[in-house]
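Hi everyone, thanks for making time.

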Amino acid sequence: MLRIVVCIKQVPDTEELARVRINPATNTIVREGVKSIINPFDENAIEEALRIKEKKDALVTCISMGPPQAKEALRKALAMGVDRAFLISDPSFAGSDTWATSFVLSQAIRKIGEFDLIITGKQAIDGDTAQVGPELAELLGIPQVTYVRKLEIEDGKMKAERVLEDYFEVVQVKLPALVTVTKEINQPRYPSLKGLLNARKMDIPVLTNKDLNLPEDKIGLDGSPTRVVRVFTPEPPPKGEIIEGNLEEKVQRIIEELKKRNLLRWLK
Amino acid sequence: MAEIKVIEEKCTGCGKCVSSCPFSLIKIEGKKAKILPGCNFCGTCVDACPFEAIILEREEKVVDLSDYKGVWVFAEQRDGRIMPVTFELLSAGRHLADDLGEELAVVILGDNLKENLNLLKKYPVDKIYAVQDTLLSDYKTGFYARVLTSLIEKFKPEIILVGATSIGRDLAPRVAARIKTGLTADCTSLKIDKEKRCLVQIRPAFGGNIMASIITPYTRPQMATVRPKVMEKILPSSSSAQIIEIEPDLTGEDELVRILDKIRVESDVKDLQEAEIIVSGGRGLGKPENFSLIRKLADILGGAVGASRAVVDAGWIPSYHQVGQTGKTVQPKLYIACGISGAIQHQVGMRNSEVIIAINKDPEAPIFNIATYGIVEDLHKFLPALIEKLESLSSTKK
Amino acid sequence: MTKGKEIAIFYYNFLGEEKMDFELTEEQRMILELVDEVSEKEIAPLADEIAAKGEFPRKNIEKLASLDLFGLTIPKKYGGLEMGYLTWTLVAERISRACATTGLIFGANLLCTFPLLKFGSEEQKERFLPPLAQGRSLGAFALTEPEAGSDAGNVQTTARKEGDGYILNGNKIFITNGEVADIYIIIANVDRKRGARGLAAFIVEKGTEGFSFGQHFKKMGLEALPNVELIFKDCFVPRENLLDREGRGFRIAMETFAAGRIGVGIGALGIAEAAFRKARDYSKERVQFGRSISSFQAVQHILADMATKIEASRYLLYKAAWLLDQGKPFEKYASMGKLYASETAMWVTTKAVQVLGGYGYMKDYPVERYMREAKLFEIIEGTSEIQRGIIANIVLKEK
C-alpha cells in the first residue's frame, strides 16, 4: 500500500485581500474578516494524491501546521476524500520561518509513521518562498522533485515531468521522495456533498509540542534563522495617464510615447 | 524566546495596532487590545501604538560569526550557458562586498568550464570557485547540494546570492536546510547594515501587498535568492580573479534522481521572463481566436505573448504564457495588457514592468491603477488600428 | 445577496404554537456554500453559450451529479442524502439563478423521483432510485399530449392489458428531459370508458422496444432545454413497471405536479433574482443626465418592487417545501408559490430589460434572455389560470 502524506497550508484568500488592501492613500493593512482558503497549489497536491489513490491502493494523510482555524482547511481535504488528517499546532510553533516550519513538519511526519511519497504545492501564495518543500525533503533525507506537472508511480519508482522556465524535464526517482506540484498537474475536484457531510463528523487529531517534544531552539522564533524586522506597505506606483481622444488620436499618442521611450527599436 | 504583551494600563483601545498588524492577529476585546495566537513577533504593532502599550521582549543571543567572510554568487549554468541572472547578482554582490570590505566570489559547477571561466574573468570578481565534473553538467539537486555545502563548510562565506530560478529555488532551500541557515526568497533589495554587520533583505509578501525587511542574525552564510531582471546587470571590467579549482567528491552510484528526457517547448515561444516587450491577453478578448490579435501585435513589436490566468484556465492558451501570482513574474520594458481587468493576482506578476499600457473597455478596471498609459477602448477596435499604424511605420522603415 | 441567510423553518412545538426559525442549519450552510461556488464558477459562465448553441449542458449535469446533488431528496438506503425538499429547493434556486436551463433539467428530475418515492413498490424503488440518486440516469414525467394540456384527464395514450403487461400506444409532446432521460413516468389510459379514472402511471425506460423519440421542439427561450415528443407504438411494458394501481394515474399526476410546482416556482425565482441583480448593478453604473440612473426615483421604485416581489415569492415557496418535508398539506402554498414566482419572474425580467434600456434589448446582455426564459414558467406545471383555480378551491373550503 502506498502511503502518501500531503502537506497543506491555510492562507488568506488574496481575492478579498486585494479589495481591502489596495488603497495606497490610507496606507492601512486591514485583514479583518478575510476568508481563508487552502493554498491553491496544495489543492492540486491533494487532488494528485486522490488520483493516485483512485488507481492504486493508497492511504492518504493530510497534515497542516497552523493555528487552530487551519482545521477548516483539513476538513475540506477530508471532504475531498483524503483518508485522515492531522493538525500540527502549538503556541510555541508560532513565529516559525521556513526552516523551523520544515523542521516541525518533518518531525510530525516521522511521528505519524512511515511514508512513500510526500506531495505539497510548489509555494504558498502568502509567503511565496517555495522553500518549505525542499527544506522538508532535506530534513527528512529524501530526494525532491520540484515543479511537477505530471507524475506516475510504478513499482516503487516515480516518473515525473518538471516544468522549468522554457523546457520540461522528465525524471525518475526511487521512493520515498517529495514532490512539489504546479497547478498544471490537475484540476482539483469539488468535495461531494457526501464528502462534506462525512468530513463534518471525522476527528482531526491535533499534534502539539507535548506530542512531538521538540527542542525550543528548533521551533518558533528561536528556531528560525531568519527574522522579520520590519513590515511596510510598498510605495504606490506613480499615477498613470488615461489617454483621451478619438480612436485615431489614442493610437497616435501611444505610438508617440513608444517612440519617445525608444520602445519601437525591435519593430519588425 | 520572544514574548509579546499588551500593557493593559496603558492601552486605550484606540485600535491603531489592529489595523497595523499585517496578519490581522489583534482585536479589541473589552476596550483592550488582545493579541491572538499565531503572532510571529514582527513588531509592527509595537511601533504603531501611540501609547507604547505593547512590548516585545526578545532575548538576544551572542554568536561569534567572525570566521565567515566574503560574498558569493552562485553562477547558474544550463547546457553550458551561464544564465543572465548571474550577472545581475554579481552587480548586487559587488556592492555588498565593497560595503563589507570583503571579497566577491563566483561559484560555478558544471562540466567543460574553461570557456565560462574565461567569461567570468572579465568581470570584477575576486575569486572564482570552479567545480568541474561530468556528473555536474546537468543540475541535480543531490550533487549540487552536496558540492555547494562542502564548499560552504570549507570556505565559510558570509553571504550567498542565488538566482530565483527553477534551479535556484530548488537548490538554495536544500542547502539552507542542510546547514540550518537563513534563506530569504525573491529579494527586491539587498543592503548591508554596517552597524550590525548583517545583510538586510527586503522582499514582498502577501502577493506584494506588503514588503518585509528580513535579516539572518545568528547564522552564516546569509542566503538570499533574487529573481531575474530585478537587479542591474554588472558591467565587465578587467579583474584579477583568482580561479580556485575544487575536486568534487561524487560517484554516479549516489545518483538518486535520473534525468530521462528534456523536452523543449515550441521554438517560437519566447521566454517571457527574458522578453523586453510582452503583449498579454485576458478575458476581454472574448474568444480564443482573438489571441491572434495579441500574437500579431507582439510579433510586430518584437515581443512575447503573455496571458492572464482566466484565459489559461479556460484553455485558450497554454499555461507557460501565464503572467501572475501563480504564473510567471515579469519585468519587461513594455507590458501591454489587453482585455485584462488587472486583478491583484495578475498585477503581482507584472507591476514592476517599466511601462505599462492597459487597454480595456471598462474604465473601472483595476489595471488602470498601475498603468502608465490607460486606453479606455474596445480592444477589438483599438488593437487592429494600432497594428495597422505600426505596420505602416515598419514598412516606411524598410 | 446575503449568502444564504433567508431560510424559513416553520415548526410547531407540541403545544401547537407556531415557532419560526429563519436560520439555515450548519449542513445547509455548507451545502449552499459549495453550490454557490460551483454555480458561480462553473455553471453561470456557460449559460449564455448554452442558450446560444441550444446544446444540452452535459458538463453542468455531470458536475451536479459528481456533487451528489441529485440525491438530495432520496432516502439514504437508495443512495441518496435524505436532506429533504427544503434543502433541495435552496439548491435548485441557486442553480436556476446561474442557468435556468440547468435548473429546469435538475428540477424536472424531481417529477420522476417524487412519484417513485410516494407510489412505488419497494422493488421499483430499489431498481430505479439509485441511478437517479447518483445522477447517472436522468428522469422525466410525461403526461402532456396534443389534446391534453390543462385538461390532464383527456390523455389519449392507451395502455392495453396484454399478457403479463400492457401495450402502450400514443404520443406525448413537450416532454422536458426527453431523450436525455433514461427513466420515464408515462401516464396512459387503461380504460377509456372511465375517462380520468382510467389513467395509470407506468415506468418506462429509454431503449424499450416501441418507445422512440420524435420532434425536438424549438422554443422562445431555454433553447438548450430538451423538450421532446415521445412516441409509443405497440410498446410493451411489464406489469412490474405499473406504478401503484390502475386508475391511480390521475392522482399520481396531480400529486406529482403539486410537488413539481415548487421546483418550477423556484426556477422562476432564480431567474427573477438573476434579472434583478443585473438591473440593480447596471443602474448603479449607468450614467445619464450626469448621474447614475439608480438615483432616479422611477428606477428606485422599480428596484424596490422587484426586490419585494422576489422576497414574497421566496417565502411562499420555502414554506411549501417545508410543509412537504413535514408531511403536511402543502398544495396551497405550492400553487401560490408557483403562481406568484412565475408572474414575478415575468414582471421582473420585463422591467429589467426596461432598466437596461436599449442595451437590455440587445443580445449582448442576458436580460432579454431571462425575459424569454421566464415566460415558460407561467405555463408549465399548470398554467397560472389553473393555479388560480386550485387556490380558489382550497381557500373556499377553508374556514
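Before we look at anything, one term: a residue counts as buried if 20 or more other C-beta atoms lie within 10 Å of its own, with the C-beta atoms placed from the backbone. And keep in mind that what you see is a predicted model.

Okay, with that in hand, go to chain B and find strand β18, residues 277-281. Of its 5 residues, 5 are buried, so the strand is largely enclosed by the rest of the structure. Which residues cover which side? On one face you have B:I277, B:V279 and B:G281, and on the other B:I278 and B:S280, all of them buried.

Now, who sits beside β18(B)? One partner is strand β20 of chain B, residues 334-338, which runs parallel to β18(B) and is joined to it by 5 bridges. If you want a pair to click on, B:S280 has B:A337 as its bridge partner in β20(B). Another partner is strand β19 of chain B, residues 304-307, also parallel, with 4 bridges to β18(B). There, B:V279 stands opposite B:V305. To get from β18(B) to β19(B), the chain passes through helix α7 of chain B, residues 291-301, and this β-α-β crossover is right-handed.

Let's move on to the nonpolar cores. The largest has 274 residues, and A:V6 and C:F202 have the most contacts inside it. Helix α8 of chain C, residues 249-285, gives the most to this core, with 18 residues. There's also a second, separate core of 48 residues, which includes A:V251, B:A275, B:V330 and B:I359.

Leaving aside neighbours within four places in sequence, its contacts include A:A45, A:I46, A:V60 and A:I119.

What about chain A as a whole? The secondary structure comes to 8 helices and 13 strands, and buried residues make up 51% of the chain's 268 residues. Along its principal axes, the C-alpha trace of chain A spans about 70 × 40 × 40 Å.

Last stop, where chain C meets chain A: 10 residues of chain C are in contact with 7 residues of chain A. On the chain C side, helix α1, residues 26-43, brings the largest share, 5 residues. That side of chain C divides into 7 nonpolar, 1 polar and 2 charged residues.

Terms used
Residues numbered from 1 in each chain as written. Chains lettered and ligands numbered in written order. Predicted model: local features only at pLDDT ≥ 70, side-chain atom pairs only at ≥ 80, totals over all residues. Contact = placed C-beta atoms within 7 Å. Helix = DSSP H or I, 4+ residues; strand = E, 2+ residues; numbered from the N terminus. Nonpolar A, V, L, I, M, F, W, Y, C, P; charged D, E, K, R; others polar. Buried ≥ 20, exposed ≤ 12 C-beta atoms within 10 Å, placed from the backbone. Pairing = 2+ DSSP bridges. Right-handed = clockwise from strand over helix to strand, strands pointing away. Core = buried A, V, L, I, M, F, W, Y, C linked by C-beta atoms within 7 Å.
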